[in-house]
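Biologist: I would like to learn how to read sheets and aromatic contacts in a model such as this one. Could we go through it together, beginning with the terms?

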Amino acid sequence: MNELSLQQCLARIEEKLGWGSSKDWLNQDFQLLSDRIFDETRVRLSITTLKRVWGKVNYDSAPSISTLNALALFLGFKTWSSFRQTVPVQTPETVKNSSSPAFMTRRKVLIAAGVLVLAISTAAVLAFTGKKALTPYTTEELKDVQFSSAPVSLGLPNSVVFKYDYARLDTDQTTIQQSWNDALTFEVDPDGKEATGIYYYPGYFRAKLIANGQVLREHDIHIRTNGWMATIGDADMPRYLYSEEIKENGVLKLSEATYQELHEMETEEAPLLTYHYFDESFEQIRGDDFTYEARFRNSYRKSNGICQRTELLIHGENGVILMPFSIPGCISDLTLFAMGNVLEGKSTDLSAFGTNIYEWQKAKCVVKGSQASIYLNDELIREVHIPEYMGNLVGFKIRFYGTGELDYVQLSGPEGVAVDEDFE
């Protein structure tokens, strides 16, 4: 790693974010950056890793190549190596001359010339592309636009066939965005009728047909699981665990061989194990009147996962409720999320979410209207306002930073129990 390249990379990221100098960043800024990087690259860098890279935490070692690759990917480069090729090589002479008045004058002239060229180019492009590129399409123009889709199978990965018709619109750029994550966007032929996209994770997504930056049509896609499934990692393509790697004899857990394999992995951070349930059997349970309950424990015993963080997610058509848990000493890094209402451990007392999570814990979330009541081992630990309606519930996720087990999961609504899974 070259220190100049790293500093250039960090400077470009700060410029991209527009949050001001990193000298003034707080813990929540690094949490937001972690989320942004994951949203755009599907690679999760922890808050601690980001603080080390930005020099907020003393750390003697250089960042790992996987960390550097993720930062480069966030800037639009395929690898760290490809990013480094864009950084000019500095010799002692160029460093010396870079601070001279003559150099600074030349630099100002070049910047001004660049701005002028950019302005002229932009004007030329606008003149060439015409009014349609800037003016939103009218309701009349959009009335014949069509957009639909259908998954080709059950399970993961899953390709989706999109059928579309731009209805002879005059377009310059046409794309399909597969979900809320705009990084999952690909160009299509405006004169074509079909295109395919691939989904590596189950869930509920909103696909969009876009032309010239305007969303023309959108609809929801439900990528279902066939019962419970598990993945390791949170990259673009996770590792899928097959039936022989998961046991369901009264408890959903890893096989002994897979459990030992994850504990023997030499990684900076604990692996991320996720159990997913987005099944066909899901009943019509409204997101403003339900009770969710799960019994779980984090079984990871290595120092790179010392906090034993565990997250229970309840997914609705319009968003998610996330309940975080850890050992008591790590509650400062937890984040409780309820449809846009974010409570961070740095600024909110989430100590009730700290527990001996290596032992079995029972969590319950009762939602009535716009209020969620969260219980741990039958004790009310938090009431949370839900600012937006979740829509009907569509699935669950349970994430273990390390490894973990599920004893049972139950979901009920006004009409009774809809999901009752004890893994027998």
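Modeller: Let us begin with burial: a residue is called buried when its relative accessible area is under 20%, and exposed when that value is over 50%. Please keep in mind that this is a predicted model. With that cut-off, Y164 is buried, and Y166 is buried as well.

Biologist: How should I read a sheet, and what is the strand order in the open sheet of three strands?

Modeller: Strands of a sheet pair through backbone hydrogen bonds, and the pairing is either parallel or antiparallel. Here the three strands follow the order β1-β2-β5 with antiparallel pairing. β1 (146–151) and β5 (194–199) are the edge strands, each pairing on one side only, and the twist from one strand to the next averages 25°. Between β1 and strand β2 (residues 158–165) there are six bridges in the antiparallel sense, and A150 stands opposite V161 in β2.

Biologist: Which strands stand at the edges of the open sheet of four strands?

Modeller: That sheet has the order β4-β3-β6-β7, again with antiparallel pairing. Its edges are β4 (185–187) and β7 (214–223), each of which has a single partner strand, so one side of each is left without a neighbour in the sheet. Neighbouring strands of this sheet are turned by 20° against each other on average, direction ignored. Strand β6 (residues 203–211) pairs with β7 over nine bridges in the antiparallel sense, with A211 opposite Q214 in β7.

Biologist: Turning to the rings, how many aromatic pairs does a search of the whole structure find?

Modeller: A pair of aromatic rings is described by the distance of the centres and the angle of the planes. The search of the whole structure finds 17 aromatic pairs. In one of them, F147 and F162 have ring centres 5.8 Å apart and planes at 10°, so the pair is stacked. Because F147 lies in strand β1 and F162 in strand β2, the pair ties together parts that are 15 residues apart in sequence. F147 is buried, at a relative accessible area of 12%, and F162 is buried at 0%. Y164 and Y166, by contrast, form an edge-to-face pair, with 5.6 Å centre to centre and 75° between the planes.

Biologist: Which residues do ring pairs link into a cluster, and where does the charged end of K16 sit?

Modeller: The cluster linked by ring pairs consists of W228, Y277, Y292, F396 and F423. As for the charge, the end of K16 sits over the ring of F74, 3.7 Å from its centre, while R301 lies over the face of Y358, at 3.8 Å from the ring centre.

Technical notes:
Residues numbered from 1 in each chain as written. Predicted model: local features only at pLDDT ≥ 70, side-chain atom pairs only at ≥ 80, totals over all residues. Heavy atoms only, no water. Pairing = 2+ DSSP bridges. Helix = DSSP H or I, 4+ residues; strand = E, 2+ residues; numbered from the N terminus. Axes fitted to C-alpha atoms, helices over the stretch in contact; angles between N-to-C directions. Phe/Tyr/Trp six-rings, centres within 6.5 Å; stacked < 30°, edge-to-face > 60°. Buried < 20%, exposed > 50% of the residue type's maximum accessible area, 1.4 Å probe, protein only. Lys NZ or Arg CZ within 6 Å of the ring centre and 35° of its normal.
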